[in-house]
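Morning, everyone. I have one structure to go through today, and I will keep it short. Please have a look at it first.

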Protein chains: 4
Amino acid sequence: MSSTFGRLFRVTTFGESHGPGVGAVVDGCPSLLDLAPVDIQRELDRRRPGQGALATPRQEADQVEILSGVEDGRTLGTPIALLVRNRDQRPGDYAELAEAPRPSHADYTVQQKYGLRSASGGGRASARETVGRVAGGAIAAHWLRSACGVEIVAWVEQVGGLGPAQVDAATITRAAVDAHPTRCPDAQLADALAQAITAAQADGDSVGGVIACACRGLPAGWGEPVFDKLEAMLAHAMLSLPATKGFEIGSGFAGAALRGSEHNDAFVARDGGLGTATNRSGGVQGGISNGEPVTFRVAFKPPATIARAQRTAGYDGVLRDLAAGGRHDPCVVPRAVPIVEAMAALVLADLALIQRARG
Amino acid sequence: MSSTFGRLFRVTTFGESHGPGVGAVVDGCPSLLDLAPVDIQRELDRRRPGQGALATPRQEADQVEILSGVEDGRTLGTPIALLVRNRDQRPGDYAELAEAPRPSHADYTVQQKYGLRSASGGGRASARETVGRVAGGAIAAHWLRSACGVEIVAWVEQVGGLGPAQVDAATITRAAVDAHPTRCPDAQLADALAQAITAAQADGDSVGGVIACACRGLPAGWGEPVFDKLEAMLAHAMLSLPATKGFEIGSGFAGAALRGSEHNDAFVARDGGLGTATNRSGGVQGGISNGEPVTFRVAFKPPATIARAQRTAGYDGVLRDLAAGGRHDPCVVPRAVPIVEAMAALVLADLALIQRARG
Amino acid sequence: MSSTFGRLFRVTTFGESHGPGVGAVVDGCPSLLDLAPVDIQRELDRRRPGQGALATPRQEADQVEILSGVEDGRTLGTPIALLVRNRDQRPGDYAELAEAPRPSHADYTVQQKYGLRSASGGGRASARETVGRVAGGAIAAHWLRSACGVEIVAWVEQVGGLGPAQVDAATITRAAVDAHPTRCPDAQLADALAQAITAAQADGDSVGGVIACACRGLPAGWGEPVFDKLEAMLAHAMLSLPATKGFEIGSGFAGAALRGSEHNDAFVARDGGLGTATNRSGGVQGGISNGEPVTFRVAFKPPATIARAQRTAGYDGVLRDLAAGGRHDPCVVPRAVPIVEAMAALVLADLALIQRARG
Amino acid sequence: MSSTFGRLFRVTTFGESHGPGVGAVVDGCPSLLDLAPVDIQRELDRRRPGQGALATPRQEADQVEILSGVEDGRTLGTPIALLVRNRDQRPGDYAELAEAPRPSHADYTVQQKYGLRSASGGGRASARETVGRVAGGAIAAHWLRSACGVEIVAWVEQVGGLGPAQVDAATITRAAVDAHPTRCPDAQLADALAQAITAAQADGDSVGGVIACACRGLPAGWGEPVFDKLEAMLAHAMLSLPATKGFEIGSGFAGAALRGSEHNDAFVARDGGLGTATNRSGGVQGGISNGEPVTFRVAFKPPATIARAQRTAGYDGVLRDLAAGGRHDPCVVPRAVPIVEAMAALVLADLALIQRARG
């Protein structure tokens with residue numbers, strides 16, 4: 001089921017980095033949702049390469065075509081197929097990879113799994129696979145906003161160990177995040193992060209980072225109590241993204257150092273019901289949303305493909321210096337912000353529909 | 001699909017903390033596996049309460065009965081149903097919870113989701129639900145060991161901010177882990193962790209911790225490249241455990257602070273194929289195992305149920321002091337070690353079968 | 001996924017004919033449903049063997065125990081585990097089967113699939129596996145009746161080519177069906193069917209039959225329009241029953257002989273909306289319920305296990321005369337009536353929840 | 001999950017009859033399969049409209065584009081996305097349907113389910129949805145042939161009550177089937193069937209029929225023994241096709257009239273193992289293939305859309321005469337032959353991979 005995600009709100013992605021195109025089929029989106037191509041295109045534009053000095057120079061217009069599921073600007077309730085054609089493929093860039101697998105990239109494991117060595121820039125392990133996720137997630141986010149009043153905002157919290165950004169999860173907006181090319185909305189920190197990225201790039205190197213995300217407006221009751229806890233689905237979604245190494249909900253690893261009396265979120269009266277005075281739980285208790293913002297963080301490693309030479313064994317076992325060509329991001333987190341939001345939206349839309357089924 | 005986990009090797013768990021019993025149905029275990037009740041009982045004994053000063057005094061023999069799927073000591077290939085009867089229920093212990101939800105526990109969210117307030121100690125949100133996971137995971141682990149040569153060992157790495165334990169992931173054994181009641185195999189650290197737990201308990205409080213896990217002997221090629229990456233399935237599995245707040249594969253959040261040239265795992269010749277000189281990847285590349293040990297860490301919050309009074313609102317919105325009765329662990333990580341191993345085994349057995357299908 | 005059926009309302013069955021017991025786990029049943037053991041026991045009693053001259057003399061009380069998911073007579077929304085212990089196992093009855101597979105039984109294919117020859121009466125291929133289906137389906141039917149006003153009634157329409165019974169699908173009741181041991185509510189026909197069964201039994205032989213079923217009270221809108229059409233899910237469910245050879249919805253094979261002008265169901269005004277003047281569609285159009293009764297038929301072959309000798313090859317390829325011992329039904333259709341109803345209920349409950357998710 | 005079919009070999013279809021295009025994503029096809037566009041195009045050409053006097057005059061070239069998953073003529077193991085653009089849409093043809101739902105068509109139920117009335121010829125309920133099935137099934141069939149030696153051949157057995165065709169299931173070929181425009185390979189019968197179709201068309205009417213199918217070359221062991229029996233998956237697949245009303249495996253409904261001694265398939269020695277002397281079982285026992293040809297039949301009703309006027313109620317409940325415009329097949333069975341084969345291939349490829357996973 002590798003290329004399908006979700007139970008009731010489902011996305012299936014397809015496409016190789018250097019084939020004809022990439023895309024997705026979204027199945028399970030309710031009917032009668034107003035949906036225009038721009039609702040999807042906006043998010044693809046936020047994700048696409050060639051957005052400036054901090055990203056890969058690969059140029060892709062990434063224009064989405066809606067192939068099905070929408071008529072007269074409204075969803076039909078049928079599968080929505082989305083296609084983005086690849087324009088700027090250069091498979092030749094990867095010729096040197098025929099002899100040696102890139103360290104910490106999927107070249108070697110893909111070969112071991114499928115018995116083939118793709119000459120096309122890593123196939124599905126490419127970040128280009130996430131085009132389909134962003135397109136599908138844009139529809140999920142649009143439905144969550146329209147039908148449920150849920151907003152999802154992610155931002156860059158750290159790059160190369162710098163940070164964390166000081167951000168108010170209760171009020172941060174996508175506009176504020178997009179205002180800086182790093183997508184770090186902490187003005188004090190953002191320029192330092194940009195410098196860390198350009199410095200790595202200047203060295204033919206790359207650098208990792210952390211993205212934080214807040215989902216606001218969920219009612220209490222979303223998430224299934226055993227294997228499909230809300231945080232479990234989010235962790236699954238986030239660790240399925242290329243280059244991710246960690247996930248935290250609420251207090252995360254820091255919470256493991258505390259005592260219960262320090263960590264517990266006391267209940268308080270709110271809006272005729274209950275809220276919590278603090279939110280170390282990250283908006284979930286027992287795997288079910290409690291009405292507070294769902295807050296989580298995702299760690300991204302530095303991109304594996306770097307220009308500077310690395311000493312590594314080829315497929316023949318002989319050590320050599322490998323310097324990757326191709327066009328690559330020195331740091332993925334600025335462009336990964338809409339991808340994290342998209343995956344969060346897919347998780348929440350799915351859990352929302354499952355909870356709806358209880359009537 | 002909340003109570004079922006896995007695609008081809010599947011476990012379905014059932015049972016409330018204070019009902020007749022708990023258990024699991026394991027479907028998809030290959031036939032002709034030698035399987036004795038002791039293979040399951042051994043792991044249940046490692047998980048069960050009443051194991052000493054560091055755990056809840058609730059006494060449960062937790063004797064497993066195999067109801068189906070095994071004949072003459074061999075699996076039939078049919079569903080293996082496992083039942084553990086509850087013996088020491090005391091629903092009355094929870095009477096005071098009828099008025100106020102415990103902070104950071106699932107009382108409130110379960111009520112919001114299902115429209116009911118269970119008088120029975122939290123229902124499925126209880127750690128007792130994990131009996132079924134451990135029983136099912138024991139079968140998965142047994143098959144992985146017998147059929148694939150895979151060993152899974154977890155241990156306590158931190159408690160209350162103390163640690164991390166210094167442990168060699170390549171050689172650590174379950175016996176070495178079980179030698180200390182904390183299940184921390186770092187002799188220098190283990191007694192300090194035990195003291196942290198008993199100190200919290202003496203204060204009517206609880207404390208969190210971190211478990212590390214190593215899975216050794218996987219061939220390259222397990223894990224699906226897009227949504228069902230090996231680390232995504234592990235993250236899903238681990239964040240589905242009660243009280244978990246974070247997951248890291250390999251370098252985790254620390255890896256996000258590094259540059260690519262520092263983080264990449266160079267390939268080296270090994271055993272006629274390729275290995276890696278370091279293992280910051282945690283045994284996966286592009287979501288697929290690379291033949292190195294799969295290493296990950298899981299953060300557990302301090303248990304929410306504590307004896308000391310907490311100021312919190314009741315269902316009526318009025319603040320009061322809530323002091324929980326019942327019998328509870330001051331720290332879950334020692335008992336959670338076999339649970340983490342069980343969930344890892346369920347993930348790996350499933351991915352192993354999926355990869356086998358490729359022939 | 002062989003032993004799990006359903007997406008949102010799911011049943012997982014377990015148990016061998018001659019092991020400790022059989023049962024089911026029902027996951028996804030909404031909370032707050034009043035449910036007493038008798039609601040399940042009633043259907044098990046209708047299915048159980050030893051009900052008289054027309055069925056196997058095997059004696060099984062088939063007492064169900066609810067292990068989880070119900071508290072104070074109401075469902076919790078958690079998995080409902082159900083256990084029926086086997087009492088009257090006699091694996092020795094099957095000793096002669098070690099040398100030769102029974103013709104048209106699963107002995108040979110189970111061996112080819114799993115690499116083993118079960119000494120226990122056919123393992124999961126036994127009709128005893130259906131205990132779990134009936135138990136789970138009883139809960140689904142109870143929910144459909146209570147929450148949706150849906151009634152499901154099946155009856156025996158043919159035995160051994162005699163029939164079809166003349167029955168009004170709009171008004172037939174379970175009580176009327178159960179009034180005759182054949183479960184054929186056509187008084188003219190029922191005695192002839194009983195004689196066909198006893199005659200077959202007297203000859204050491206068996207005989208096949210056809211069951212018809214009507215599901216009344218569905219609203220328009222249940223069923224998914226492409227792969228999970230209502231009739232596709234019903235066909236899947238029915239052909240998953242032991243001994244079934246065919247399925248028809250509405251007009252079935254007879255409809256294939258007609259012209260469109262003869263077959264189409266014209267719309268008429270009804271209850272402020274639309275109904276159809278005839279019901280050759282069997283209550284579905286485009287895979288979606290249209291508000292008319294859903295009517296279908298299922299063909300059951302004669303039971304494969306017969307007392308009289310059959311000339312057939314053993315595992316060694318040598319022809320011999322095989323006369324089966326054991327205790328077997330000469331005709332399955334009377335006992336299969338509640339099984340057909342149970343599977344129909346599982347399908348409808350699942351599709352009802354999926355449609356509810358659309359809000 | 002309506003638009004996805006299969007567990008390990010999965011197809012997701014998309015597209016409306018009168019939108020930009022239709023297609024499918026095939027996930028789970030093993031890597032290294034030689035696959036050329038013609039392998040898919042050939043089957044689309046067999047399915048496409050405009051093939052002569054017996055089919056709808058709608059003209060569609062139905063050229064398939066492979067968007068992903070194939071490189072240098074070999075599958076990559078990644079999702080294979082397939083797109084067929086619609087060319088000859090004429091939504092205006094359906095203007096009269098805004099006032100009244102066509103009898104026995106999905107107009108009414110789609111409206112009840114989704115809350116909308118599609119102006120586009122029925123949306124997903126159109127036979128045009130099957131383009132994606134045929135494209136996906138062509139890949140499955142190609143893999144089954146190449147990797148497993150399995151051949152699937154379907155043919156028209158009856159039209160309008162005429163037949164059945166006399167055909168040898170063991171030897172019939174696709175070429176022989178395609179030799180006559182009716183796809184009935186019984187030369188005696190084929191012309192009569194063609195006349196029945198043209199007569200219905202001349203009357204502004206339509207006519208139903210029956211398709212038979214044989215799957216040859218399966219080893220023993222495919223199919224799961226409880227809910228996912230081979231015949232259950234086939235029944236699900238076939239009843240998910242538009243206009244189907246019934247399914248039979250092997251002896252089918254006729255088998256229900258027999259006694260066990262007449263119906264059982266005796267074993268005989270064959271090729272060093274066992275075969276059966278007869279094949280009333282249709283190649284399955286206990287839901288698992290036994291090595292004999294899998295034979296089944298599918299009933300198709302007469303197409304609901306007919307040119308001649310029908311007296312039926314409009315959405316307003318008022319009776320009127322409805323005469324459908326648009327371009328429609330007078331009989332679907334000739335064009336449905338490759339669709340039945342495609343669905344059978346999807347079922348078998350999936351069950352083959354599941355059985356492979358057992359090692």
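Which residue in β3(A) is the bridge partner of A:V11? It is A:V26.

Some ground rules before the rest. This is a predicted model, in which local features need pLDDT of at least 70, side-chain atom pairs count only at pLDDT 80 or more, and totals for chains, interfaces and linings use all residues. Residues are numbered from 1 along each chain as its sequence is written, while chains are lettered from A and ligands numbered from 1 in the order in which they are written.

Now the strands, which are DSSP runs of E with at least two residues, numbered from the N terminus. Two strands pair if DSSP finds at least two bridges between them. Five bridges join β2(A) to β3(A), residues 21-27, and the two run antiparallel. They form a hairpin with six residues between them, and A:G15 in that turn has a positive phi of about 115 degrees.

On to β1(A), residues 4-5, which pairs with β2(A) in the antiparallel sense over two bridges. Here A:F5 has A:V11 as its bridge partner. This hairpin has four residues between its strands, with A:G6 in the turn at a positive phi of about 110 degrees.

Is β2(A) enclosed or open? Five of the five residues of β2(A), residues 10-14, are buried, so the strand is largely enclosed by the rest of the structure. Buried means that 20 or more other C-beta atoms, placed from the backbone, lie within 10 Å of the residue's own. On one side the buried residues are A:R10, A:T12 and A:F14, and on the other A:V11 and A:T13.

How values were computed: A residue is buried if 20 or more other C-beta atoms lie within 10 Å of its own, exposed if 12 or fewer, and partly exposed in between; C-beta atoms are placed from the backbone.
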